[in-house]
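Welcome, and please open your viewer. We will walk through this structure one selection at a time, and each stop tells you what to look for.

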Amino acid sequence: MIDFIKNIFRRKFLRRYSSKQPTGFVPLSEIRSVSIVLDAQENGVDDCKEAALTYFKSKGMKVNVYFLDLSKKGEDERQITSLNNTILRKDLNWYGRPALEIIEMISSDGADVLLSLVDNVDFPIAALAGCSGAVFKIGRVQLPGRTFDLVVEDSPSHELGPSDAFKEITRYLETIIQ
């Protein structure tokens, strides 16, 4: 019963606050800035962050990296990430929506591309991706409502880590031509 009520509030929020910006494929040459959302709990997230920063900065793009850490770990057990750029469990309201200040921070950073390397369909990712004003949205799993323009999913025989998914995404980005 409570999940039913949560879903009503989630759908209402997405209808009200989702970006009306049309999205689609954008060539690499037209991308000026990228926002990346990483799951702080996933193995290899630090290597993926460094690879993404190196790749996009070598192309002359501005990069913003955000972390999603929904674990129930205490302050002393949590991985070292910038608290300014980390969305914690305590930043979510009762139905799983990140605080409006966080959504505003991510949606107003002016990124042309939103790259979600989070491998789940939890509502915080749906809210961040839906409210983002990015013109090209890339993810690892498709969200309800077909939020992402490009999705790189795990194959049935091989599970991709964040670094592997990033390598596949860059391969696709390199092939998108005007």
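Two strands count as paired if DSSP finds at least two bridges between them. Helices (H or I, at least four residues) and strands (E, at least two) are DSSP runs, numbered from the N terminus.

Some ground rules before we start. This is a predicted model, in which local features need pLDDT of at least 70, side-chain atom pairs count only at pLDDT 80 or more, and totals for chains, interfaces and linings use all residues. Residues are numbered from 1 along each chain as its sequence is written, and side-chain values use heavy atoms, with hydrogens and water left out.

**Stop 1: the sheet**

Show the strands. Six of them form an open sheet with parallel pairing, in the order E3-E2-E1-E4-E5-E6. At the edges you will find strand E3 (86-88) and strand E6 (150-151), each of which pairs on one side only.

Now select strand E2 (residues 62-69). Three bridges join E2 to E3, and the two run parallel; one place to look is Leu68, whose bridge partner in E3 is Ile87. Toward strand E1 (residues 33-39), E2 has seven bridges, again parallel. How enclosed is E2? Seven of its eight residues are buried, so E2 is largely enclosed by the rest of the structure. Here, buried means under 20% relative accessible area, exposed over 50%, and partly exposed in between (1.4 Å probe, protein chains only).

Next, pick Ser35. Its bridge partner in E2 is Asn64, and its bridge partner in E4 is Leu114. E1 and E4 pair in the parallel sense over four bridges.

**Stop 2: strand E4 and its crossover**

Select strand E4 and look at its two faces. In a regular strand the side chains alternate between the two faces of the sheet. Both faces of E4 are covered: Val113 and Leu115 on one side, and Leu114 and Ser116 on the other, are all buried. Three bridges join E4 to E5 in parallel, and Leu115 has Ile138 as its bridge partner in E5. From E4 the chain crosses through H4 to E5, in a right-handed β-α-β crossover. Right-handed means that, with the strands pointing away from the viewer, the path from the first strand over the helix to the second runs clockwise. Turn to E1, helix H2 (residues 45-58) and E2 to see a right-handed β-α-β unit there too.

**Stop 3: the core**

Select Ile36, which lies in strand E1. Is Ile36 buried or exposed? At 1% relative accessibility, it counts as buried. Ile36 and Asn64 are 28 residues apart in sequence and 6.1 Å apart in space, C-alpha to C-alpha. Not counting residues up to four places away in sequence, Ile36 touches Ala52, Phe56, Val63, Asn64, Val65, Tyr66, Leu115 and Leu117; contact means heavy atoms within 4.5 Å.

Widen the view to the largest nonpolar core, which has 30 residues; Ile36, Phe56, Leu115 and Leu117 have the most contacts inside it. A nonpolar core is a set of buried Ala, Val, Leu, Ile, Met, Phe, Trp, Tyr and Cys residues joined through side-chain atoms within 4.5 Å. The elements giving two or more residues to this core are E1, H2, E2, E4, E5 and H5, and H2 provides the largest share, six residues. Apart from this core lies another, of 22 residues, among them Val37, Leu114, Cys131 and Phe148.

**Stop 4: helix H3**

Select helix H3 (residues 100-107). Which residues of H3 are buried? They are Ile102, Ile103 and Ile106. These residues cover an arc of only 100° around the axis, which puts them on the same side of H3; the arc is that of the directions from the helix axis to the C-beta atoms. What covers the buried residues of H3 includes helix H1 (2-17), E2, E3 and H4.

**Stop 5: a loop residue**

Finish at Arg146, in the loop between E5 and E6. With a relative accessible area of 67%, Arg146 is exposed. Its phi is near 50°, a positive value in a residue other than glycine. Most residues other than glycine have a negative phi, and most peptide bonds are trans.
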